Amino acid sequence: MPSCPRLRDRHSSLLARFHRSLVGEVMRIAEFQKLIEDTFGQKDRKRGVENTFLWFSEEVGELARAINGRTTRENLRHEFADVLAWLTTLASIANVDLEEVARERYGKGCPRCHGVPCRCDEAKSRPQAARCG
Ligand SMILES: [Mg+2]
Ligand SMILES: [Zn+2]
């Protein structure tokens with residue numbers, strides 16, 4: 001077991017994931033999108049894509065504050081889950097299959113150089129591009 005707290009967290013979450021895959025509890029992206037749709041779809045569609053986007057950006061702000069520190073590890077994890085859930089519901093409202101687009105765009109690694117890991121030269125990338133391509 002690693003002594004650094006970060007490595008220890010990573011180690012135990014990888015172990016937990018391995019355990020879940022052994023007992024058949026791994027959730028695919030499509031299953032998560034269906035769960036979020038079944039849970040919040042009706043409300044979120046009624047709110048509309050623009051207002052739902054506002055909620056999503058609110059959650060991104062909460063994640064930014066959590067990443068900037070002064071929060072617990074538990075809160076940081078919680079904010080990642082919130083952003084993922086709101087992104088997922090937005091995809092549903094926009095009729096986008098997240099698993100499909102994730103596979104299409106990132107399934108072979110970097111969309112531009114196709115490397116895993118990416119071999120693109122960051123210095124040569126457009127400064128506004130957060131991801132290549
Ligand atoms: Mg939140
Ligand atoms: Zn690349």
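1. Start with the buried residues of helix α4. They are E79, W86, T88 and T89. Their cover includes α2, α3 (49–67) and α5. Bear in mind throughout that this is a predicted model.

2. The length of α4 checks out. The helix runs over residues 73–93, which is 21 residues. At 1.5 Å a residue, α4 should span 30 Å, and its end C-alpha atoms lie 31 Å apart, so the two values agree.

3. T89 counts as buried because it has 24 C-beta neighbours inside 10 Å, and 20 or more are needed. Leaving out residues up to four places away in sequence, T89 touches I36, F40, D44 and T52. For a sense of distance, take R70. T89 and R70 are 19 residues apart in sequence, and their C-alpha atoms are 28 Å apart in space.

4. Now step back to the whole chain. The protein has five helices and zero strands. Along the sequence the pattern reads α-α-α-α-α. The C-alpha trace spans about 50 × 40 × 35 Å along its principal axes. The protein has 133 residues, and 7% of them count as buried. Consider next the contacts with a separation of 6 or more: residues 24 or more positions apart account for 49% of them.

5. How do α3 and α4 pack, and at what angle? The angle is about 160°, and the axes are 9 Å apart. Angles over 145 degrees count as roughly antiparallel, so α3 and α4 are roughly antiparallel to each other. Their crossing is left-handed.

6. On the α3 side are V49, T52, F53, W55, F56, E59, V60, E62, L63 and A66. On the α4 side they meet N75, L76, E79, F80, D82, V83, W86, L87, T89, L90 and I93. By class, this contact has 14 nonpolar, three polar and four charged residues.

7. After α3 comes G69, with a positive phi near 100°.

8. α2 meets α4 in another arrangement. The two helices pack at an angle of about 70°, with their axes 9 Å apart. That makes α2 roughly perpendicular to α4.

9. Which residues of α2 and α4 meet? From α2 come F32, Q33, I36, E37, F40, G41, D44 and R45. From α4 come A85, T88, T89, A91, S92 and I93. The classes are six nonpolar, five polar and three charged residues.

10. Helix α2 covers residues 29–47 and helix α5 covers residues 98–106. Their angle is about 150°, and their axes are 8 Å apart. α2 and α5 are therefore roughly antiparallel to each other. I29, A30 and Q33 in α2 meet L98, E99 and A102 in α5. These residues divide into four nonpolar, one polar and one charged.

11. Check the backbone at N95. Most residues other than glycine have a negative phi. N95 is not a glycine, yet its phi is positive, about 55°. N95 follows α4 and sits in the loop between α4 and α5. Is N95 buried or exposed? N95 counts as exposed, because it has 6 C-beta neighbours inside 10 Å and the cut-off is 12 or fewer.

12. H114 lies in the segment after α5. H114 is exposed, with 10 other C-beta atoms within 10 Å.

13. Last, look at one peptide bond. Most peptide bonds are trans. The bond joining V116 and P117 is cis, with omega about 5°. P117 is found in the segment after α5, where H114 also lies.

Notes:
Residues numbered from 1 in each chain as written. Chains lettered and ligands numbered in written order. Predicted model: local features only at pLDDT ≥ 70, side-chain atom pairs only at ≥ 80, totals over all residues. Axes fitted to C-alpha atoms, helices over the stretch in contact; angles between N-to-C directions. Helix = DSSP H or I, 4+ residues; strand = E, 2+ residues; numbered from the N terminus. Parallel < 35°, antiparallel > 145°, perpendicular 65-115°, else oblique. Contact = placed C-beta atoms within 7 Å. Nonpolar A, V, L, I, M, F, W, Y, C, P; charged D, E, K, R; others polar. Expected span 1.5 Å × (residues − 1). Left-handed = near helix turned anticlockwise from the far one by under 90°.
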